[in-house]
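Thanks for coming. I will walk through one structure today, beginning with the strands and ending with the aromatic rings. Please have a look at it first.

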Amino acid sequence: MRDLNPVTEQQSPKKMKIEIATAEMMERLGGRCARDARPGLRLFLQGELGAGKTTFVRGFLHGLGYQGKVKSPSYTLVEPYELARFPVYHFDLYRLSEPLELEALGARDYFDEKSVCLIEWPEKASAYLGEPDLMIKIAYLAERRELRIRSYSNLGDRLMAALG
């Protein structure tokens, strides 16, 4: 299992920028990312309320074949999805008061090499979560969204290539 503590030696991140015009495009982008996802992935999503983080996650889950409704786990902090390829855990840390709440939830058990963790609002628990494979920061640009994407691992590089 990868350590959940911050990484001290970091690979220099690779970066890219994408503009998205619609929610449908955001979902498609999430679906493209899912095709190359592998167990052990940690994908962080940052952005203001309503920026499209959960929309991206919905596309990611649908890209893996999930047919049900995807909701933001704002109050439960984590929503598990047992899928054919691997389990996916969707975290929304917006309402997190302190990172130790994750420990009380048993979150350490979710971060293993057999599952994928998609984390909204990771900055609320950055010291606990460690470094992501892929970080996506979503910002408003008038009627569009700008995604600033950074890869921090070989797996992140693979996903970034799928998005480009």
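How many bridges join E2 to E6, and do these strands run parallel or antiparallel? There are 5 bridges between E2 and E6, and the two strands run parallel. Before going further, note that this is a predicted model. In E6, Leu 134 is the residue that stands opposite Leu 43.

Now the whole sheet. It is open and has 7 strands, in the order E1-E7-E6-E2-E5-E4-E3, with mixed pairing. At the edges are E1, residues 14-20, and E3, each of which pairs on one side only. From one strand to the next, the twist averages 15°.

Next, the helices. H1 lies across E1, E2, E6 and E7, and runs at about 145° to E1. What covers them? Just after H2 comes Gly 65, with a positive phi of about 100°.

That leaves the aromatic rings. A search of the whole structure gives 5 aromatic pairs. In one of them, the ring centres of Tyr 66 and Tyr 81 are 4.9 Å apart and the planes are at 75°, so this pair is edge-to-face. It links distant parts of the chain, since Tyr 66 is in the loop between H2 and E3 while Tyr 81 is in strand E3, 15 residues apart. Are these two buried or exposed? Tyr 81 is buried, at 4% relative accessible area, whereas Tyr 66 is partly exposed, at 23%.

Tyr 94 and Trp 121 make another pair, with centres 4.8 Å apart and planes at 55°, so this one is tilted. Here 27 residues separate the partners: Tyr 94 is in the loop between E4 and H3, Trp 121 in the loop between E5 and H4. Tyr 94 is partly exposed, at 29% relative accessible area, and Trp 121 counts as buried, at 12%. Tyr 94 has a further neighbour: the charged end of Lys 124 sits over its ring, 5.5 Å from the centre.

Lastly, one aromatic cluster is formed by Tyr 89, Phe 91, Tyr 110 and Phe 111.

Note on methods: Residues numbered from 1 in each chain as written. Predicted model: local features only at pLDDT ≥ 70, side-chain atom pairs only at ≥ 80, totals over all residues. Heavy atoms only, no water. Helix = DSSP H or I, 4+ residues; strand = E, 2+ residues; numbered from the N terminus. Phe/Tyr/Trp six-rings, centres within 6.5 Å; stacked < 30°, edge-to-face > 60°. Buried < 20%, exposed > 50% of the residue type's maximum accessible area, 1.4 Å probe, protein only. Lys NZ or Arg CZ within 6 Å of the ring centre and 35° of its normal. Pairing = 2+ DSSP bridges. Axes fitted to C-alpha atoms, helices over the stretch in contact; angles between N-to-C directions. Contact = heavy atoms within 4.5 Å.
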